[in-house]
Amino acid sequence: MPGQVRAVAAADPSGPLTVTSYGADPLTTVITRVDLSGKVAWQRSYPGTGRPQSRLSTDGILWVAYPDSGGRLLEGVLPDGSTGPSTRPERHLDEEVGAFVLLDDGFVISWVSASRLVRGERSRSTSVPEPRVARYTREGECLWSTPIVLGAVSFPGVVEMGDRTGWEIQPRRPWVPEEIGVDHWEPLLVSADRIAASFTDTRGGIGRTFFLNLESGETISATSPAPTGRKAIAGPGQFLIGSQGYGAFMTSLYGRDGAETASWASQGAMLVDRNGSVSGPELENHLPSRSRFRRLTPDNTLVDGPALTGYYTSHPAMDCEGTTVFWRDGKLLAVDADLAGHELFAMDDSRTVIGRALLLSEGSVAVSLDNEVLVFRTPLGPLAEGPWPCGEGNLQGNPLLS
């Protein structure tokens with residue numbers, strides 16, 4: 001690919017793949033359609049914001065968010081690469097799409113202040129817009145818009161040193177972020193009639209997840225400020241929210257009423273199967289690795305799977321027999337339903353992997369490493385059903401559970 005891959009999706013397990021990547025610079029988004037043999041069908045480039053974003057619908061239309069002279073555009077790209085439907089949602093000046101989810105009848109968008117990269121010469125905006133979450137029809141009509149108030153944030157473990165502390169290291173007092181963005185991992189999830197929208201202090205890494213009513217936009221509750229982590233849809237109206245950093249390493253389950261109902265001393269790229277069982281590779285910021293493949297049980301305890309070396313990890317996929325597959329430390333790994341580990345492929349490769357492992361037909365598994373997409377043939381079975389990853393094993397890369 002022309003630049004680092006940000007997302008790989010497929011409308012059907014048989015392919016082809018639609019790849020969203022950077023171009024030659026961060027302000028270019030490139031969309032590539034390629035089959036499982038590696039043959040490129042077409043490639044298109046768009047203006048970018050430094051965060052390439054796309055969502056694939058079940059009918060094969062890829063929706064791309066990008067800036068143009070008229071503001072911010074959501075454009076559909078048809079399977080043959082031609083331009084399909086488009087919409088220009090109403091926005092405020094110096095506001096950009098932080099994240100979006102494709103609904104059956106429209107969109108949910110998290111709006112944040114445009115980055116300096118996008119503002120260009122206007123390095124400082126005269127009026128920085130507050131973040132918000134809004135719902136739109138496919139035609140761009142705004143049904144509701146909810147402002148997000150992150151407020152002052154703090155967390156034990158965040159320290160400061162300066163004149164105010166007599167040049168001694170002390171816990172940092174609560175502060176109001178200068179810049180707020182969407183969370184890096186799973187910033188916007190929609191499950192049944194609930195939304196989990198995550199925003200963070202882009203400099204300090206402390207953020208909150210806000211639970212909203214999909215129909216009205218009403219804010220139901222919000223998590224306490226904490227270091228950001230991985231998230232997942234756990235069931236209708238239910239979400240897993242992870243936290244890692246500054247001494248935090250945990251995952252909490254939140255119900256439809258926005259209240260915490262369970263928590264575990266682990267955090268990672270978790271899967272949720274059709275029975276509600278949660279498991280996946282831990283992702284701890286520590287080298288040498290202390291992470292394992294874990295199963296999170298209903299009584300808030302952990303069941304150990306195999307130890308994991310290395311650091312960079314793809315989000316896993318699961319087949320119908322309960323075997324989980326993912327890329328980590330230069331290896332394609334599988335962990336079966338009995339938590340036994342298997343090495344399917346290995347090579348000397350430490351490149352960054354930030355996407356998902358896609359389980360396709362006939363056991364094919366696609367992973368992205370930096371600017372390459374690799375497809376492996378494995379003995380795995382068809383995709384499992386479950387709330388997360390969602391939408392045909394989240395092949396479409398659209399975090400929606402209707």
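Let's start with one residue. Asn300 is partly exposed, with 37% relative accessibility. Partly exposed falls between buried, under 20% relative accessible area, and exposed, over 50% (1.4 Å probe, protein chains only).

This is a predicted model: local features need pLDDT of at least 70, side-chain atom pairs need 80 or more, and totals for chains, interfaces and linings use all residues. Numbering runs from 1 along each chain as its sequence is written, and side-chain values use heavy atoms, without hydrogens or water.

Back to Asn300. Its phi is positive, about 70°, although Asn300 is not a glycine. Find Asn300 in the loop between β27 and β28. Strands here are DSSP runs of E, at least two residues, numbered from the N terminus.

Asp370 also has a positive phi, about 55°, and is not a glycine. Look for Asp370 in the loop between β34 (364-369) and β35 (372-377). Asp370 counts as partly exposed, at 31% relative accessibility.

Next, the cis peptide bonds. One runs from Gly15 to Pro16, with omega near 0°. Pro16 sits in the loop between β1 and β2 (17-22). Another cis bond joins Leu287 and Pro288, with omega about 0°. Pro288 belongs to the loop between β26 (278-281) and β27 (292-296).

One more loop residue. Ser314 lies between β28 (302-307) and β29. Ser314 is buried, with a relative accessible area of 0%.

Now the rings. Rings of Phe, Tyr and Trp (its six-membered ring) pair when their centres lie within 6.5 Å; planes under 30 degrees apart are stacked, over 60 edge-to-face, the rest tilted. The count comes to 10 aromatic pairs. Take Trp63 and Phe107, which pair edge-to-face. Their centres are 5.1 Å apart, with 75° between the planes. What does this pair tie together? Trp63 is in strand β6 (residues 62-68) and Phe107 in strand β10 (residues 106-113), so the pair links parts 44 residues apart in sequence. Trp63 and Phe107 are both buried. Elsewhere, Phe211, Phe239 and Tyr254 make up one aromatic cluster.

On a 1 Å grid over the protein atoms alone, a cavity is a set of points where a 1.4 Å probe fits but cannot get out; a pocket is an open set with protein on both sides within 12 Å along at least five of seven lines; lining residues have an atom within 4 Å of a point. Points join across faces, edges and corners, and volume is the space filled by probe spheres set on them.

The largest pocket has a volume of about 820 Å³. Its lining holds 38 residues, with Arg51, Asp183, His184, Trp185 and Thr228 nearest the centre. Elements giving two or more residues to that lining include β10 and β22 (238-245).

The count of cavities of 30 Å³ or more is five. The largest cavity has a volume of about 670 Å³. It is lined by 31 residues, and Arg6, Ala7, Arg55, Glu186 and Pro187 are closest to its centre. β1 (5-9), β5 (53-56), β9 and β16 (188-191) each supply at least two lining residues.

The second largest cavity has a volume of about 100 Å³. Among its 12 lining residues, Leu271, Met318, Ala384, Trp388 and Pro389 lie nearest the centre. β25 (271-272) and β29 (317-318) each give two or more residues to this lining.

Conventions:
Helices (H or I, at least four residues) and strands (E, at least two) are DSSP runs, numbered from the N terminus.
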